[in-house]
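Today I am opening my notebook on a new structure. I will jot down what I look up, one entry at a time.

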Amino acid sequence: MSGLINSYTPEQLKDIFGAHPQIDTIVLGQMPGSIDDEANLAGAAWVAARGVNTYLPQEGSIASGATDFFLVGKRRVVEEGAEVGVHSWADVTGVTARDLPRDDPAHERYIGFYEGIGWTRAQAEAFYFFTIEKAPAEDIYLMTPQEMLATGLATEVMPANH
């Protein structure tokens, strides 16, 4: 899977899984993010219900909404050298997640998504606030392999070309 996640992605995923129901792993390539967060979260939740794994090879690069999509894997494997980027979100008015207090209901969209794909409330909040604190909306923070494991983003980080 590569490219920007957009409003067509949920239907494309359903079509692909319909034609190939044996899919058990989604390999992510170059995915800079999403241009439709609603579609991304809906498509990702649908994929999460399929019980597949996600895999990011050494040459892979995911950021923003694509990082959220990666989280749907039961097993989430990242090869060393792959890039995983996170940042705060901003709405159309310019308000960012970083501008809001921790108890603001606007945070629930993502925290609830993480819970919906199987994370505990504590895991969901920890990962979410990690992402928004690491970089403003107009920037990207590249996670270290240690952070990928500590936050639960990856269930395994393996040597490249294993």
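Is Tyr110 buried or exposed? I found that Tyr110 has a relative accessible area of 7%, so this residue is buried.

**Entry: what I am looking at**

This is a predicted model, where local features need pLDDT of at least 70 and side-chain atom pairs count only at pLDDT 80 or more, while totals for chains, interfaces and linings use all residues. Residues are numbered from 1 along each chain as its sequence is written, and side-chain values use heavy atoms, with hydrogens and water left out.

I also noted how elements are named: helices (H or I, at least four residues) and strands (E, at least two) are DSSP runs, numbered from the N terminus.

**Entry: the aromatic pairs**

I searched the whole structure and got eight aromatic pairs. Rings of Phe, Tyr and Trp (its six-membered ring) pair if their centres lie within 6.5 Å; planes under 30 degrees apart are stacked, over 60 edge-to-face, and the rest tilted.

I looked up Phe17 and Trp46: the ring centres are 5.6 Å apart and the planes stand at 85°, so this pair is edge-to-face. Phe17 sits in helix α1 and Trp46 in helix α2, 29 residues apart, so to speak a link between distant parts of the chain. Phe17 counts as buried at 8% relative accessibility, whereas Trp46 is partly exposed at 25%.

Back to Tyr110: its ring and that of Tyr128 have centres 6.2 Å apart and planes at 15°, so they are stacked. Tyr110 belongs to helix α4 and Tyr128 to helix α5, so the pair ties together parts 18 residues apart in sequence. Tyr128 is buried too, with a relative accessible area of 1%.

**Entry: charges over rings**

A charge sits over a ring if NZ of Lys or CZ of Arg is within 6 Å of the ring centre and within 35 degrees of the ring normal. Trp46 has Arg50 over its face, 4.1 Å from the ring centre. Over the ring of Phe129 I found the charged end of Arg102, at 4.0 Å from the centre.

**Entry: the core**

Which residues have the most contacts inside the largest nonpolar core? They are Tyr114, Tyr128 and Leu153, in a core of 40 residues. Such a core is a set of buried Ala, Val, Leu, Ile, Met, Phe, Trp, Tyr and Cys residues joined through side-chain atoms within 4.5 Å. Its largest share, six residues, comes from α5.

Contact means heavy atoms within 4.5 Å. Leaving aside neighbours within four places in sequence, Tyr114 touches Asp68, Leu71, Trp119, Ala124, Phe127 and Tyr128. Tyr114 also forms one aromatic cluster with Phe113, Trp119 and Phe127.

**Entry: two sheets**

Two strands pair if DSSP finds at least two bridges between them.

β6 and β7 run antiparallel, joined by two bridges, and Gly85 is opposite Leu142 in β7.

Technical notes
Buried means under 20% relative accessible area, exposed over 50%, partly exposed in between (1.4 Å probe, protein chains only).
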